[in-house]
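Hi,

Here is the structure I promised to pass on. Have a look at it first, and then read my notes below.

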Amino acid sequence: VDCPTIGADKQGDLIGVWIDGRDEDRGSASAGLYAAVLPPGGKAFGKNVRVNSAKAAACACCFPSVAADDSGRLWVAFRGEQDDVREIQLFATSDRGATFKGGPVSADHWKMQGCPMAGPALAVAPDGKTVALAWRFKDKMRAALSRDGGKKFADFDLAIAQHPDYAEAW
């Protein structure tokens with residue numbers, strides 16, 4: 001178990017998200033991403049539910065992000081890993097963590113043997129229509145924006161200066 005993250009929605013549900021290798025081969029650079037919800041007044045988190053599919057394995061060292069909108073939908077963003085390609089993924093649940101649906105946000109095609117150690121940042125507007133993510137891609141920062149509740153994303157590079165030594169490492 002690694003990279004725990006926790007968030008809350010307007011109704012008082014807490015969602016815990018973590019990377020868990022229980023379903024993966026030993027030595028793999030990818031893992032399952034699991035979540036559990038603690039309802040208001042609850043004394044224990046509910047059932048562990050796998051967020052991602054095997055096609056959208058989670059990068060084993062990159063922290064996920066969580067957010068919620070006013071409808072109670074809980075959102076989870078993470079860096080996926082499939083055959084050493086690192087893509088940003090976004091999944092959501094509308095049934096208090098019983099099921100998650102989603103898929104890729106980016107198509108960076110960043111092939112990297114190892115882990116970038118940097119998951120995405122996530123923000124969701126209260127109405128759930130505007131969803132924004134930002135993440136590191138090689139020596140730059142990337143972002144994606146959706147105005148339709150995460151159905152389609154436009155992605156772009158962010159003009160952020162980085163330390164020269166840091167950029168050369170990538």
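**Salt bridges, a pocket and one asparagine**

Lys140 is partly exposed, with a relative accessible area of 32%. (Buried means under 20% relative accessible area, exposed over 50%, and partly exposed in between, using a 1.4 Å probe and protein chains only.) Before I go on, two notes on the source: this is a predicted model, where local features need pLDDT of at least 70, side-chain atom pairs count only at pLDDT 80 or more, and totals for chains, interfaces and linings use all residues. Residues are numbered from 1 along each chain as its sequence is written, and side-chain values use heavy atoms, with hydrogens and water left out.

Back to Lys140. Its side chain meets that of Asp157 in a salt bridge, 3.4 Å from N to O. (A salt bridge here is a side-chain nitrogen of Lys or Arg within 4 Å of a carboxyl oxygen of Asp or Glu.) Lys140 sits in strand 13 and Asp157 in strand 14 (residues 154-158), so the pair ties together parts that are 17 residues apart in sequence. Asp157 is partly exposed too, at 41% relative accessibility.

Within it, the side chains of Asp108 and Arg142 meet at 2.8 Å, N to O. Asp108 is in the loop between strand 9 and strand 10 (110-111), while Arg142 is in strand 13 (residues 140-146), 34 residues away. Both Asp108 and Arg142 are buried.

The count comes to 8 salt bridges. Another one to look at joins Arg96 and Asp13, at 2.6 Å from N to O. Arg96 lies in the loop between strand 8 and strand 9, and Asp13 in the loop between strand 1 (2-8) and strand 2 (14-20), so this pair ties together parts 83 residues apart in sequence. Arg96 is partly exposed at 48% relative accessibility, whereas Asp13 is buried at 3%.

As for the whole chain, the secondary structure comes to 1 helix and 14 strands. (Helices, H or I with at least four residues, and strands, E with at least two, are DSSP runs numbered from the N terminus.) Of the 170 residues, 45% count as buried. Taking contacts (heavy atoms within 4.5 Å) between residues at least 6 apart in sequence, 44% join residues at least 24 apart.

Next, the asparagine. Asn52 lies in the loop between strand 4 (49-50) and strand 5 (58-59), and it is buried, with a relative accessible area of 5%. Its side chain reaches the backbone oxygen of Ala31 at 3.4 Å. Leaving aside residues up to four places away in sequence, Asn52 touches Ala31, Gly32, Leu33, Ala57, Ala58, Phe78 and Phe91.

Finally, the pocket. (On a 1 Å grid over the protein atoms alone, a pocket is an open set of points where a 1.4 Å probe fits, with protein on both sides within 12 Å along at least five of seven lines; lining residues have an atom within 4 Å of a point.) The lining of the largest pocket includes Ser53, Lys55, Glu81, Gln82, Glu87 and Phe91. Strand 7 (74-82), strand 8 (85-93) and strand 9 (101-104) are the elements that give two or more residues to this lining. Strand 8 gives the most, with 4 residues.

Happy browsing!

Key
A polar contact is a pair of N or O atoms within 3.5 Å; within protein, one must be able to donate a hydrogen and the other to accept it, and residues adjacent in sequence count only if both atoms are side-chain atoms.
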